[in-house]
Amino acid sequence: MDSLTFMPVVSLDKPEAEQVIDEYQKQIKPVAFELIFKSNTPPVLVKNSFIQAHGSKIWINSLSASLYGGHEDDMAVEDGNTTDSWDWIINHGARIMQTDRTKELLAYLRKRKLHN
């Protein structure tokens with residue numbers, strides 16, 4: 001197990017989400033957690049510093065609006081709205097993002113001096 005990279009997917013819409021994250025951090029110490037949510041209301045979205053404090057990163061996928069509160073690539077690229085897409089994702093602690101818009105995301109990150 002010590003040679004595996006483990007990144008569990010946790011639904012923040014479930015009331016036990018924080019407890020699930022705590023248990024993983026105590027027992028396995030995942031590299032990252034992929035957080036999924038349908039709306040911006042789960043408390044863990046706002047109060048997520050405990051994840052990074054225990055050495056794990058936050059992963060938010062920007063591919064699917066339905067699993068990530070509507071904060072997705074198309075909004076950033078097609079609508080030019082990075083405020084409600086990539087900015088929002090980064091401002092909520094994500095240090096790992098999955099995208100189909102790699103060229104555009106890299107340009108955005110470089111412009112914000114978040115990537116070399």
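Reply: The accessible surface of the protein chain comes to about 7000 Å². Carbon and sulfur atoms hold 51% of that surface. Areas follow the Shrake-Rupley method with a 1.4 Å probe, and for residues only the protein chains shown count as cover. This is a predicted model, in which local features need pLDDT of at least 70 and side-chain atom pairs count only at pLDDT 80 or more, while totals for chains, interfaces and linings use all residues. Residues are numbered from 1 along each chain as its sequence is written, and side-chain values use heavy atoms, leaving out hydrogens and water.

Buried residues make up 41% of the 116 in the protein chain. Buried means under 20% relative accessible area, exposed over 50%, and partly exposed in between (1.4 Å probe, protein chains only). The C-alpha trace spans about 40 × 30 × 20 Å along its principal axes.

The chain has six helices and four strands, in the sequence pattern β-α-β-α-α-β-α-α-β-α. Helices (H or I, at least four residues) and strands (E, at least two) are DSSP runs, numbered from the N terminus.

The strands form an open sheet with the order β1-β2-β3-β4 and parallel pairing. β1 (9-11) and β4 (94-98) stand at the edges with a single partner strand each, so one side of each has no neighbour in the sheet. The twist averages 35 degrees from one strand to the next; axes are lines fitted to C-alpha atoms, for helices over the stretch in contact, and angles run from 0 to 180 degrees between N-to-C directions. β3 (residues 57-61) pairs with β4 in the parallel sense over four bridges. Pairing requires at least two DSSP bridges between two strands. N61 has Q98 of β4 as its bridge partner.

The largest nonpolar core has 25 residues. Such a core is a set of buried Ala, Val, Leu, Ile, Met, Phe, Trp, Tyr and Cys residues joined through side-chain atoms within 4.5 Å. L12, I21, L35 and I51 have the most contacts inside this core. Two or more residues each come from α1, β2, α2 (43-46), α3 (49-53), β3, α5 (86-91), β4 and α6. α5 gives the most, with four residues.

Take I21 as a case. Its neighbours within four places in sequence are set aside here. I21 is then in contact with V10, L12, F33, L35, V44, F50 and I51. Contact means heavy atoms within 4.5 Å. For the whole chain, 59% of contacts with a separation of 6 or more join residues 24 or more positions apart.

K29 is in the loop between α1 (17-27) and β2 (32-36). Its phi is near 55 degrees, positive although K29 is not a glycine. K29 is exposed, at 58% relative accessible area. K113 is in the segment after α6 (102-111). Its phi is positive too, about 60 degrees. K113 is exposed, at 73%.
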